[in-house]
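Me: New structure on my screen. Can you walk me through a few parts of it?

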Amino acid sequence: MRGVTPTARTSAHQRIAVPTSDALLAGIPAAWLFVFFVAPLAFTVFFSFGHSTFGGIAPGFTFDNYRAALSGFYAQSFLRTLRFAFAGSALCLLAAFPTAYFIARHAGRWRAAALALVLVPYFTSFLIRVMSWQILLARGSAVEMLLNFLCLHSGPLDVLDTQTAVFIGIVYAYLPIAIVPLYVVLARIPPTLVEASRDLGASPWQTFLFLMLPLARPGVATAALLTAVPMLGELVVPTLLGGDKGVLIGRAISSQYIESQNYALGSAMAVLVMIAVGVVVALLARLTRGFMEVAP
Amino acid sequence: MTRSMSRQKSRHFSRRSVLGLLGAGIAGTALAGLPRRAAAAGGQLNIYSWPDYFSTDDLAAYTAKSGVTPAITTYNANEILFAKLNSPAGAGFDIVVPSSGWISQLAGKNLLQPLDHSRIDFGALDPSLLNRDYDPGNKYSIPKDWGVLGVVYDPDAVGGEIKTWQDFFDAGAKPGASGKIRLTKAPSETVGPALWISGKDWNKATVADIQGTRDFLTGFAKHVKTFSSFDPQALASGAIVLAQANQAAARGALLQNPKLKWVVPGPKSEIWVDSYAIPSSAQNLDQAYDFLNFFLSADIQVKETEYLGYPAAIAGLKGKLSADTKLPDMIFGGSGVDFNALTSYIVNPDTVAAYQDVQNAVQAAAGG
């Protein structure tokens, strides 16, 4: 932005013409954000301090909802969700890094095709992609037959409705958005740097650890951000693949809003999740700062 | 019934319905649109109902007869119907289809209008579905179709016959069934059986009574495999051997695997009745009553039953079904179901959160 503003100011001609169109251009998204983001958010915050009536809110100012949201069952759900998002995001990164590395440095002229293959499933409905795993992981599925044929497993496959199935689904669903930022940073690392590192006597492992990984840091942080944040609100994968066991905070909030008709407690829990997301984003944003520093 | 999850229509209790339900769960209260205005020669009629809850053939027949094309908007949970009617966005619907448990809440907030009994032929309806405690005298509601809560199981795996809810919990703890059990996601249907075992009435249970079932149910949770919607394939493959279900879903499983058994356990179990009602803000009363009378006529009731897999409310329906209907008894809750032992859950704002808290605790405990 800093680079743009002075140029705009230098031209008197532009100064007269720009404000109306600029204001208009900025006004549309601002209005959109205000109506569909700020206003509902303000309602949520307002509700979170109120008293719940069945299916309604009596305005007030109390911390009772926050006390309930931070105690006992809901606190446990919250911690369970944090662990879930951390583990899911870590697994995604573990799977994404080698994939992105291969595409960036070894795929050659197939790079674009490989990236497209990674991204194409992402354009399919999220629900359809997750539901397909129900078929693959159920008893008597093709996967069961294949595993039995390869002698990797014997007997019926009972993976559906377990934590394992949830993590398989989570990694699968979020993998593309982890691969892309990693690919971007890895592709930008000049081959000459790797050559220099080798010339200076570093082993491949040392090159990876002390050269590639630090330079890839902003991509790692971005990938972690893009996977962990949505996982904090994940509702679909545990429901479809995990038998809806082990209540996560997204499910707990939805049950307060819908089943219990307790908008006040649901709102307080939602506000706490937003704060947690804010903290995670702020921490990871510090790490992504170097994104621009990587030479093209 | 507090959640539609546990009682999707039999023809599509599998993955497709979950898609729809999840879509609604996510889009939630926000997206369930405003009533679409239907303009036609015979006027307009706005219906707010469950997805795919009328046969398209019967709707077409109604349009051909009346000139009215009903505009149908859908919801996936009674809670969403309640929230919608309770807000300005709920104005303009002429017919809604709440489940039995929500009628007193809706009526209590003046969201429903008393029915004009002179315009409906109640005499043709099954008397055992009328004048039940969720709506005495059917002041606000007409039964549309109904279901019962029961258990479908593999007798070999659970090692014997199940007759009561106590048998259900005992069987579930046995090695052959542990880890292969499906419970519903409806809090009343999880807590209810535990209350019935100890001789309590789920509509009179206090918050302390409900909380009192928590330890027993969370202890049982380790045997539960899933709370997802009923999947007949899972019972056919043996991934699930013991499941709470309604009769229509169970019928689908029994048709695939005749070895399975169905029971409505004692001492008590649930009957839910999805019911037609007219919101206070309805604008098109003539069309609404005309539509109701058309859909309550005998031949349409038979067609709706065959379409939905749930029994419509007309008296003597069983004898009217076509002769090649498989397992016809199962449509009506199985042979020997005792209507006097069936009770309808009635939503009570004082206890609803306690029910949900126990349900959440059970689902969390099942996750280890």
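Predicted model: local features only at pLDDT ≥ 70, side-chain atom pairs only at ≥ 80, totals over all residues.

Reply: In chain A, the axes of helix H4 (residues 72-106) and helix H10 (residues 204-232) come within 9 Å and cross at roughly 140°.

Me: Which residues of H4(A) and H10(A) make the contact?

Reply: From H4(A), they include A:Phe84, A:Ser89 and A:Leu93. H10(A) brings, among them, A:Val220, A:Thr227 and A:Met231.

Me: How many of those contact residues are nonpolar, polar or charged?

Reply: 12 are nonpolar and 4 polar, with no charged ones.

Me: Switching to chain B. What are its domains?

Reply: The domain assignment gives domain 1 (4-146 + 272-332) and domain 2 (148-270 + 344-366). 25 residues of domain 1 of chain B are in contact with 22 residues of domain 2.

Me: Which elements of domain 1 of chain B supply at least two residues each to that side?

Reply: Helix H1 (15-31), helix H4 (103-108), strand E9 (269-276) and helix H15 (328-331) of chain B. By class, that side of domain 1 has 11 nonpolar, 10 polar and 4 charged residues.

Me: And the open sheet in chain B, what's the strand order?

Reply: E2-E1-E3, 3 strands with parallel pairing. Strands E2 (71-74) and E3 (95-96) of chain B each have a single partner strand, so one side of each has no neighbour in the sheet.

Me: How many bridges join E1 to E2 in chain B?

Reply: 4 bridges join strand E1 (residues 46-49) to E2(B). B:Ile47 stands opposite B:Ile72 in E2(B).

Conventions
Residues numbered from 1 in each chain as written. Chains lettered and ligands numbered in written order. Axes fitted to C-alpha atoms, helices over the stretch in contact; angles between N-to-C directions. Contact = placed C-beta atoms within 7 Å. Nonpolar A, V, L, I, M, F, W, Y, C, P; charged D, E, K, R; others polar. Domains from an automatic or database assignment. Pairing = 2+ DSSP bridges.
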